[in-house]
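Reader: I have the sequence and the structure open. Could you take me through some local features, one at a time?

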Amino acid sequence: MYITTTIPYVNARPHLGHALELVQGDVLARHHRRRGEPVRFQTGTDDNSLKNVLAAEAEGVPVRELVDRNAAAFEGLRRPLDLSFDAFIRTSSHPGHRAGVERIWAATEHDLYQRHYEGLYCVGCEQFYPEGPCPDGHEAPLQRVSEENWFFRLSRYQDALLELIRGGRLRIEPAARRNEVLAFVEAGLDDISISRSAARARGWGIPVPGDPGQVVYVWWDALANYVTALEGDDYRRWWVAEGRKVHLVGKGVIRFHAVYWPAMLLSAGKPLPTGIFVHDYLTVGGRKISKSSGDAADPAALVDAYGVDAVRWWLLREVPRVGDADFTAERLIGRADEDLANGLGNLVNRVVTMVHRFLDGHVPPAGEPLVEVSGAVHEALAEFDFRRAAVAVWAIVEEANKYVERTRPWRQTRADQEVSLGTLVHACRELAGQLEPFLPTAAARVAAAVSGERLPSPEPLFRRLAGSSGAG
Ligand SMILES: [Zn+2]
């Protein structure tokens with residue numbers, strides 16, 4: 001399974017919305033690896049955007065310097081967020097990217113033509129609109145652009161796209177997003193501009209092959225990353241061979257991924273992705289995330305303050321499959337203390353303490369599993385429902401706590417204690433395994449606490465965050 005995130009612009013540092021998509025991709029990657037499937041999980045940065053050029057101008061630093069600095073902040077999320085991506089592609093420095101974009105350009109040449117173009121351009125969105133203001137809320141006025149551009153015959157692919165999406169060969173989830181794409185395509189597709197003048201792009205970007213006065217439209221360039229990052233055998237293995245190819249994307253870029261990108265690939269005669277999962281947006285304290293959100297929306301700062309388990313758990317357990325979610329530190333703290341410190345942490349601590357008190361730390365033979373959750377987790381993740389999957393894992397915590405109350409090992413005979421504590425240690429081990437895709441760090445601590453024939457002494461697994469001075 002080939003899993004990608006979108007590659008964000010690097011005009012600013014990463015925020016919590018980027019962390020959401022990265023953590024979702026990470027859960028899928030870890031889940032499928034655990035099932036023994038080959039997985040490639042890829043992310044990266046879109047370095048060639050005009051937005052990056054303007055941000056560098058505003059800051060008074062060379063574009064290269066700004067792009068390198070912010071791209072490093074994105075790649076640097078790997079450690080604090082416990083991400084397991086296999087590849088990180090930067091469109092301005094990946095060795096095969098430019099040549100790959102040129103190859104796709106050449107392969108689609110039969111669908112390209114030059115035309116004079118006038119339109120209103122939003123630099124924030126990097127796209128044209130018929131009229132202002134920008135529907136996505138960018139405040140800068142749209143720029144009137146008048147130039148000779150290269151166009152792609154998107155209109156030619158309307159029927160093919162409808163067939164792909166209606167027939168499920170290109171699966172778009174959730175269903176409302178699929179219907180949104182179908183309605184857009186059914187309304188008729190106009191050809192799209194796929195280049196801009198090199199002067200307007202300040203010379204930043206990939207020149208159009210054979211027309212150095214133009215650079216390739218940043219979306220055409222960026223979308224290509226999903227295949228240009230796959231060189232040689234990797235391209236055949238992950239893109240051409242049978243197997244799932246899934247893009248995780250935010251709702252704002254659905255048209256690029258579900259319409260333009262498949263049409264580009266159809267034109268180039270290349271295989272298509274098999275799935276697109278669209279997530280909604282996060283707000284922070286009721287507001288759209290922006291530069292002024294500062295540390296409140298900075299994933300690395302949040303991990304510093306609350307720990308990676310609390311941050312990942314909020315993103316996975318609280319964000320619904322459909323609909324926006326509002327982040328506040330209070331909600332993160334409340335969820336982490338209830339589920340991690342009280343629920344999971346107390347359970348494991350209780351079980352380990354009882355094994356020491358009643359059985360001198362020796363682990364009895366494993367009993368019957370208390371609850372089977374792997375099927376429910378897998379089904380939920382197959383539908384990209386991360387919250388439902390997280391809740392499914394938690395059934396082990398709940399069943400184990402109920403089992404303790406029901407059996408009361410402290411009142412049992414030694415023989416019965418061996419049965420009940422064997423069952424509970426086994427449940428905690430199963431929990432550590434099931435938890436790994438979601439909370440790899442916590443899962444490793446749980447696994448260590450219940451490993452071996454004689455358990456280590458009980459240690460608290462999670463600190464409570466409410467009222468702790470490190471928080472906030
Ligand atoms: Zn805009």
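Predicted model: local features only at pLDDT ≥ 70, side-chain atom pairs only at ≥ 80, totals over all residues.

Reader: In which loop is Arg 202 found?

Author: Arg 202 has a positive phi of about 55° although it is not a glycine. Most residues other than glycine have a negative phi. At 45% relative accessibility Arg 202 counts as partly exposed. Its place is the loop between strand E9 (195-197) and strand E10 (207-208).

Reader: Is Arg 408 buried or partly exposed?

Author: Arg 408 is not a glycine either, yet has a positive phi of about 45°. It is found in the loop between helix H15 (386-407) and helix H16 (414-435). Buried would require under 20% relative accessible area. Arg 408 has 36% relative accessibility, so it counts as partly exposed.

Reader: What is the arrangement of the donor atoms around the zinc ion?

Author: The protein donors are Cys 122 (SG), Cys 125 (SG), Cys 134 (SG) and His 138 (ND1), lying 2.1 to 2.3 Å from the zinc ion. Four donors count as tetrahedral if all angles lie between 85 and 135 degrees. The 4 donor atoms subtend angles of 97 to 119°, so the arrangement is tetrahedral.

Reader: How many residues apart in sequence are the parts that Cys 122 and Cys 134 tie together?

Author: The donor residues of the zinc ion follow the spacing C-x2-C-x8-C-x3-H. Cys 122 lies in strand E4 (residues 112-122), and Cys 134 in the loop between strand E5 (127-129) and strand E6 (143-152), so the parts tied together are apart in sequence by 12 residues.

Reader: How are H6 and H10 oriented to each other?

Author: Helix H6 (residues 175-186) and helix H10 (residues 254-268) have axes 11 Å apart and pack at an angle of about 55°. The contact includes Phe 184 of H6 and Ala 258 of H10. The crossing is right-handed. The two helices are therefore oblique.

Reader: How many residues of helix H12 are buried?

Author: Helix H12 covers residues 308-318 and is mostly covered. Among its buried residues are Asp 309, Arg 312, Trp 313 and Trp 314.

Definitions and conventions
Residues numbered from 1 in each chain as written. Heavy atoms only, no water. Donors = N, O, S within 2.8 Å, 3.2 Å for Na, K, Ca; no water. Tetrahedral: all angles 85-135°; square planar, octahedral: opposite > 155°, others 65-115°. Helix = DSSP H or I, 4+ residues; strand = E, 2+ residues; numbered from the N terminus. Axes fitted to C-alpha atoms, helices over the stretch in contact; angles between N-to-C directions. Parallel < 35°, antiparallel > 145°, perpendicular 65-115°, else oblique. Left-handed = near helix turned anticlockwise from the far one by under 90°. Contact = heavy atoms within 4.5 Å. Buried < 20%, exposed > 50% of the residue type's maximum accessible area, 1.4 Å probe, protein only.
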